Amino acid sequence: MSAHPATGDLRPAASHPARGIPGAWLAMMAGPLSFGIAGPSLILADTAYDLGVTIGAVTWIVTAFGWAIAVGTPLMAGLQRRRGARTALLAGAALVLLGAALVVVAPALPFLVAGSALQGLGTAGLTTIAMSIAGSPRTMGLVAASLATVGAASPLAGDVVAGTLGWRATLALPALSVIAVPLVLRRRPVTPLSGTTFDLAGAVLLTALVTALVFVPHAWLPAGGAAVAAGVLLALRLRARPDGFVPVEVVRTPTFLVAAGLAFLLAVVNFGMMYALPPLFVQNAGWSSGQVGLAITWPLLFGGLASYLMIMVTARSGLMVPVVVFAALSATGVVLAAVSGAWALLLAAQALASLAAASGQGAFATRAAAAVSDGERSTAMGLFNLLYLLGAAFGPAIATLLVG
């Protein structure tokens, strides 16, 4: 073994960083991120009323969380790469707890937005760490299934928590991820560290690119222009610093590019379907919004829970098997939603899209991580999750344009 002089982290010559860490702990640490995305969906009206602002204004709470997990995913992965998993775990937990404290006591909307953003940064780090130290397809399957399952149950869970403890408690639900951090720390997760100096310019450019992309669905012209400019500058930075914040080894690995690109597309379809189908239920079946919310929970839960089995079934296959299977599931869901107005088939379409996205996130993440060297695993998972999250941002925007 050798010890890194700055952190004291021990790095066995040939051992996997997740050895001895139960997958359930990693799933417990990653899953609560989904509370921040979907949990507030049914309590925004109460939040707006209590704060004396419009519902449009309080949606910045959710927007801030989405921006933070998108930006925080590569940044926290970079911290793990440079300082090790233990430092990144502690930093992520601290950000989550600080954010949760802010949303619980915040006297005004700006503080709630800041608290939500801090929780997003922290949970992004914890989730990326969980995926980067997952040692097997089984463990990766548990992590991916936890994210999808918690996301499916989040709206109802958030509503129940708000009715019992108040809407501030709902906004603090992502803090549940911290419960698993001491358990993971006890097993002393060890990750290879980068010996290069920190690439501040690369980090700034990637953050600018991600920020612009997150806002493309809301203001496509200025955000799109900013994204193009940031992308060009980042590409130039990659040529000048191939071992920088975005390592060339990762972005030039074909398996990583295919896996991450397909995860992005599956996320676009799944999250787009979640926004496109409810108006069809109201129009074709005459359901109320409450009935729609309850009905669509079940196909999402099915997708999250069944994804674990799908990841296990495809674990020993080559890349093309999950590519074909998950793409076919997603495409079938799109076709069903496009050609039929029957509520049963629309629910089946959502179930297929959810199963494809949740399974793809776990299966493709496993292959993306295995395609790069151990030293770049955390960075690869950060970039992989970033693309998946961007799919979650673009899907609803595209669906709104198509349905509207």
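Student: What does the accessible surface of the protein chain come to, and how much of it belongs to carbon and sulfur atoms?

Tutor: Accessible areas come from the Shrake-Rupley method with a 1.4 Å probe; in this predicted model, the protein chain has an accessible surface of about 16600 Å², of which 71% belongs to carbon and sulfur atoms. Because the model is predicted, local features need pLDDT of at least 70 and side-chain atom pairs count only at pLDDT 80 or more, while totals for chains, interfaces and linings use all residues. Residues are numbered from 1 along each chain as its sequence is written, and side-chain values use heavy atoms, with hydrogens and water left out.

Student: How is a pair of aromatic rings described?

Tutor: Such a pair is described by the distance of the centres and the angle of the planes. Rings of Phe, Tyr and Trp (its six-membered ring) pair if their centres lie within 6.5 Å, and planes under 30 degrees apart count as stacked, over 60 as edge-to-face and the rest as tilted. The structure holds four aromatic pairs, one of which joins phenylalanine 264 and phenylalanine 394 edge-to-face, at 6.1 Å centre to centre with 80° between the planes.

Student: Are phenylalanine 264 and phenylalanine 394 buried or partly exposed?

Tutor: Phenylalanine 264 is partly exposed, with a relative accessible area of 21%, whereas phenylalanine 394 is buried, at 17%.

How values were computed:
Buried means under 20% relative accessible area, exposed over 50%, partly exposed in between (1.4 Å probe, protein chains only).
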